[in-house]
Every structure is written in structure tokens, then in C-alpha cells.
Amino acid sequence: MKLILTTAVDKLGVPGDVVEVKDGYGRNYLLPQGHAIAWTRGAEKQIEGIQRARDAREIRGVEHAQQVRAQIEDLKVELPVHAGDTGKLFGSVTPADIALAVKKAGGPAIDKRTVQIAKPIKTVGTHTVGIKLHDAVTAHVALTVVAA
């Protein structure tokens with residue numbers, strides 16, 4: 001089965017790649033989970049758009065990763081959440097919430113899968129969160145969680 005990947009899949013490829021997989025793997029996992037779309041001549045035209053979006057988010061090298069790290073670490077990232085009177089959150093802060101807060105603070109668009117949380121964030125206050133930009137470069141952000 002010939003498919004076009006829409007997300008990164010371990011040991012298979014990155015978004016925009018055309019891959020050949022077994023029918024069951026494609027039909028039962030990749031397509032229902034939204035990791036791929038069926039390959040057709042019409043869908044092949046979407047490959048360029050997928051690759052262009054990937055290139056806009058991608059870190060190009062160690063030097064670029066260090067520039068992005070400097071940009072991210074200078075940000076004042078604040079995340080308003082629902083919390084009780086004691087400062088305990090209703091739920092916890094997710095990597096997707098952090099990625100969105102970095103973008104709203106004026107930083108670059110980052111992938112939620114690159115956000116590394118040491119322990120679950122369940123209270124208001126300042127927490128340090130890591131963002132893995134490259135194998136050798138990790139940015140540390142001071143995230144201020146406030147009650148909304």
C-alpha cells in the first residue's frame with residue numbers, strides 16, 4: 001500500500017514522505033490514527049505543502065538550534081489555567097499547552113513532542129520546562145503558571 005505520511009512515524013519517515021507499507025499496517029494503524037493519507041495523483045500535489053510546513057518548523061542544524069534556544073530562553077512565558085483557591089490545578093499542564101504558550105509569548109512554533117516535563121505540573125507558580133531542539137541543544141524555559 002502506498003501512503004503519504006502526514007506526521008513523523010518512528011522507523012518509517014517524516015511528513016511528506018511517500019512510503020510503501022503492508023496493507024494491514026496502513027489500513028489498521030496509519031490511516032485511522034491520521035499519520036498518513038492514501039497516495040493518489042491528486043494527493044501527490046499535497047506533498048509539497050506538507051514538506052513546506054515541515055521545513056518552516058524544522059531546526060536546520062546546531063547553530064540554528066542555538067539561535068532558537070537563545071530566542072526561547074529570553075521569553076516570559078505565562079500560562080493561565082483553571083485552579084482552585086489553594087493553587088492546585090484542575091488537571092495538569094500538557095506539552096501542547098506549553099507549546100501554545102511559547103508561541104503566544106512571541107516564540108517560534110515548536111512541536112509538542114519536543115517539550116520535556118520533568119514531573120507533572122499541577123500547581124500554580126514558576127516551573128522549568130525543557131524543549132529539545134536538537135540532539136545536542138535543549139532550551140530551558142521558565143514557565144509561570146497562573147490561575148485564570
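Helices (H or I, at least four residues) and strands (E, at least two) are DSSP runs, numbered from the N terminus. This is a predicted model: local features need pLDDT of at least 70, side-chain atom pairs count only at pLDDT 80 or more, and totals for chains, interfaces and linings use all residues. Residue numbers start from 1 along each chain as its sequence is written, and side-chain values use heavy atoms, leaving out hydrogens and water.

**View 1. Two tyrosines on helix H1.** Tyr-25 and Tyr-29 both sit in helix H1 (residues 23-33), 4 residues apart, or about one turn of the helix. The structure holds 1 aromatic pair (Phe, Tyr or six-membered Trp rings with centres within 6.5 Å; stacked if the planes are under 30 degrees apart, edge-to-face if over 60, tilted for the rest). With ring centres 5.7 Å apart and planes at 15 degrees, Tyr-25 and Tyr-29 count as stacked.

**View 2. A lysine over a tryptophan.** Here Lys-2 lies over the face of Trp-39, 4.3 Å from the ring centre. For a charge to sit over a ring, NZ of Lys or CZ of Arg must be within 6 Å of the ring centre and within 35 degrees of the ring normal.

**View 3. The open sheet.** Its 4 strands run in the order E4-E9-E8-E6, with mixed pairing (two strands pair if DSSP finds at least two bridges between them). At the edges are strand E4 (77-81) and strand E6 (115-116), each pairing on one side only. Strand E8 (residues 125-134) and strand E9 (residues 137-147) pair in the antiparallel sense over 9 bridges. Look for His-127, whose bridge partner in E9 is Leu-143.
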